[in-house]
Amino acid sequence: QTAEAIARSSIIRNPESPMKYLIRAMLLVFLVSCAKVPITGRRQLNMLPESQLMSMSVTQYKSFLSENQTIAGTEDAKMVERVGRNIASVVEGYLRKHGKSKRVKNFRWEFKLVDDNTVNAWCMPGGKVVVYTGILPITKDEKGLAVVMGHEIAHAIINAYFEVPPPAKMQEILSRYVDKHLWSDYWLESA
């Protein structure tokens, strides 16, 4: 069933419907849980405490490094480290100047080059940055690498993993979830 069909159904229109109360409660929890990001002004839904997120990211980072070959001591590896340290220094200075250094106080910056032809780079919460060798031919030099690493580090600083999608996207996500998880069970039980 589509969300439109469900909306026309009596279960949604019925003011006594328990599902209507459940949906209202879920929306209320969602709205109350949203926080405003001081740097961007956008909204985030923080379902995990930062300490738990940091712990999880360190665990995943260590696991990733144990399963992938890192490169150290080469000119490329030194460039990744140098560019990363420069970006971290500038970011920390900017945040300190604007009274927002709390955003990165628990960051323990690490910059690793991984031997993988994938065109990718990422930064986990806490400042764990990985650059894949596959992206280096595209970035070409320190400036190009700084653009990519700066972008990835920005995601970590603003906790982009918690960004709340625009209203239209959120409506689509909620509609799919309700269709798949809530209504399918209801219709199966009432049949």
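1. Aromatic pairs. The count comes to 5 aromatic pairs, where rings of Phe, Tyr and Trp (its six-membered ring) pair if their centres lie within 6.5 Å. Tyr61 and Trp122 form an edge-to-face pair, 6.5 Å centre to centre with 90 degrees between the planes. Planes over 60 degrees apart count as edge-to-face, under 30 as stacked and the rest as tilted. The pair links distant parts of the chain: Tyr61 sits in helix α4 (residues 50–67) and Trp122 in strand β5 (residues 121–124), 61 residues apart.

2. Basis. This is a predicted model: local features need pLDDT of at least 70, side-chain atom pairs count only at pLDDT 80 or more, and totals for chains, interfaces and linings use all residues. Residues are numbered from 1 along each chain as its sequence is written, and side-chain values use heavy atoms, with hydrogens and water left out.

3. Trp109 and Phe111 are stacked, 5.9 Å centre to centre and 5 degrees between the planes. Trp109 counts as buried because its relative accessibility is 10%. Phe111 is buried too, at 5%. Tyr61, Phe64, Trp122 and Tyr132 form one aromatic cluster.

4. The sheet. Helices (H or I, at least four residues) and strands (E, at least two) are DSSP runs, numbered from the N terminus. The open sheet has 4 strands in the order β3-β4-β6-β5, with mixed pairing; two strands pair if DSSP finds at least two bridges between them. β3 (70–71) and β5 stand at the edges with a single partner strand each, so one side of each lacks a neighbour in the sheet. β4 and β6 run parallel, joined by 5 bridges. Leu113 has Val131 in β6 as its bridge partner.

5. Helices on the sheet. α5 packs on the sheet and touches β3, β4 and β6, contact meaning heavy atoms within 4.5 Å. The direction of α5 makes about 150 degrees with that of β4. α4 lies across β3, β4, β5 and β6, at about 30 degrees to β6. Axes are lines fitted to C-alpha atoms, for helices over the stretch in contact, and angles run from 0 to 180 degrees between N-to-C directions.

6. Helix α7. What does α7 pack against? Its buried residues, among them Leu145, Met149 and Ile153, pack against α5 (75–97), β4 (110–114), β5, β6 (128–132) and α6 (136–139). Glu152 is also one of the buried residues of α7.

Definitions and conventions
Buried < 20%, exposed > 50% of the residue type's maximum accessible area, 1.4 Å probe, protein only.
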